[in-house]
Amino acid sequence: MYDFGQIHKIPAVIMRGGTSKGLVLRNSDLPWDPALRDEVIIRLYGTPDINQIDGLGGGTPLQSKLALVGRPSHPDADIDYTFGQVSLKSKRIDYNVTCGNFVTAVGLYAAEEGYVELKEPTTHVHIYNTNTNKIIVAEIPVKNGQIQYEGDYVIDGVSGASSRIMINFLDSGGGFTGRTLPTGNPVDLVQLKDGRDFQVTIIDCANVVIFVRATDLGLKGIESETEIYGHPHLLDTLEHIRVECGLLIGVIKEEDRAAVSPSTHALPKIALVSSSSEYTTNKNKLIQETEVDIVSRYISMGSLHRAYAVSGAMALATATKIPDTIPNQLFSSPNPEVKIGHPSGILEVESVVVQDGNNWRVTRAANGRTARRLMEGYAHVPAALLRSWMPGDAQVKEGIYE
C-alpha cells in the first residue's frame, strides 16, 4: 500500500456481542497516553457525526461500542476489558459505564486469540472489567478442540442462530456506587424543577439504572419505538429524572448539571417498567402476557434501545428480587429466571440476591448471549494525528506505545 507515510494502521477487530456492535482494540496497539489514545479512537469511529460516515462507527449507540483489551491486571482474570461508549455527537468516550452485551464479544475474542486454553465442553474466560472492578465469566462452548460456533440459540434483536455463550456477572452489585441500592431505599421520590415528582428505584448492578413506572408518565409500557418518540416531551422528562437521580447518588456532580446530556454522561441509565402485558414487537411478533414476567423500555444515551441492554436486564432482574422496589411491585413470578418483554422480544435473565445487613449482595447475575467476529484487519487514521503529538520516530522512543 502506497500511503507515503500519511496513514497509520492499527490492528482492529469488528465484533458483534449480543445486540451490540463495535471495535475490539488491544491496549498495546494504541498510544499509552489516554488523551492521544482517545483522539485516535474517536477518529477511527468517525465521531462527532450522528452517521459516523467517515469512520467505523455504526451511527447508533448500539453500534458505537468499544472494547479495550489487554493482559490481565487481576490475578483471577484471563484478560482485561475496558468498555467505552463512543459518543455520536461529541468528541468523547464515556468509560463510566459498562456493556453486558459487548462483554460477550470480549469472551469470544479472548478464546479466539489464545488468552485461554480451550477446554471441552466449556471454556471459562475470566474477564476483569476495569469499569466496575468486577470479574465476569464467559462460558465458550468447545467441541473437538475448537470453538463451537454453530448452534440453535436465538436472541431477539439478532437474526439467525448460533451457539450460546453464558455470561456470568459475579458479585455484581455496587460496582459504581458501592451499594446495590445506592440510596439504601427501595423507592425514592425525585422532584423536577417544574414541580412534578416521580417515584423511582435506583439499582447499581452491572450498570446504574433508574426504573420508573410507565403509568406515572401516562404510558402503558408496551409502546412501540414510533409511539415513544412521538410522545410529547417524554424523552425530555426522562432525561430530567435521570439527571436528578444522578445528582442524588453522586454519579453526576452539581457543578456539571448545566453541561449534562445523554452524550456526555451515559450513566445512570433509565428504563420504563410495567407489569406483564400482551404487545407486538418491532418485528410484528405477538408476545402473550403469559410469556413475560415484566415489560420494560430501556433508554440509552437519549435513545430507545431496540432490544434491551444486558447490564440493564441484570439490574432489572436484581430489582425484582428486592422487596418493595418498583420492579418488585410489578413482578409476578415465582421462578428464578426473569423474562423481560422488550421492543424486539424477550430476554431471560437470572439473578441471585441475598440480604447482607442493610445492603443487598448480587452473588450472580447471568444470561445467554451470542457473539460473532465480523471482520479483522487494520483500521486507518491519519499519521499526522500522531506526528502532531511528537515528531518523527520520537513517538516510539518516548514510549507513546506500550
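Leaving aside its neighbours within four places in sequence, which residues is Thr-98 in contact with? In this predicted model, the partners of Thr-98 are Tyr-81, Phe-83, Asn-129, Asn-131, Thr-132, Phe-176, Ala-206, Asn-207 and Ser-311.

**Thr-98**

- Thr-98 lies in the loop that runs between β5 (93-94) and α2 (100-113).
- With a relative accessible area of 4%, Thr-98 is buried.
- A polar contact of 3.1 Å links the side chain of Thr-98 to the side chain of Asn-129.

**Nonpolar cores**

- The largest nonpolar core contains 84 residues, and those with the most contacts inside it are Tyr-81, Ile-127, Phe-169, Phe-211, Ile-241 and Tyr-308.
- Helix α2 supplies the largest share of this core, 8 residues.
- A second, separate core has 21 residues, among them Leu-36, Ile-41, Tyr-95 and Leu-386.
- Apart from neighbours within four places in sequence, Ile-127 is in contact with Ile-79, Tyr-81, Val-103, Val-106, Gly-107, Lys-134, Ile-135, Ile-136 and Ala-138.

**Cysteines**

- The count of disulfides is 0.
- The sulfur of Cys-99 is too far for a bond, because the closest cysteine sulfur, in Cys-205, is 14 Å away, whereas a disulfide requires sulfur atoms within 2.5 Å.
- Cys-205 is likewise in no disulfide, with the sulfur of Cys-99 as its nearest cysteine sulfur.
- Cys-99 counts as buried at 6% relative accessibility, and Cys-205 is buried with a relative accessible area of 0%.

Definitions and conventions: Residues numbered from 1 in each chain as written. Predicted model: local features only at pLDDT ≥ 70, side-chain atom pairs only at ≥ 80, totals over all residues. Heavy atoms only, no water. Helix = DSSP H or I, 4+ residues; strand = E, 2+ residues; numbered from the N terminus. Buried < 20%, exposed > 50% of the residue type's maximum accessible area, 1.4 Å probe, protein only. Polar contact = N/O pair within 3.5 Å; in protein donor to acceptor, adjacent residues only side chain to side chain. Contact = heavy atoms within 4.5 Å. Core = buried A, V, L, I, M, F, W, Y, C linked by side-chain atoms within 4.5 Å.
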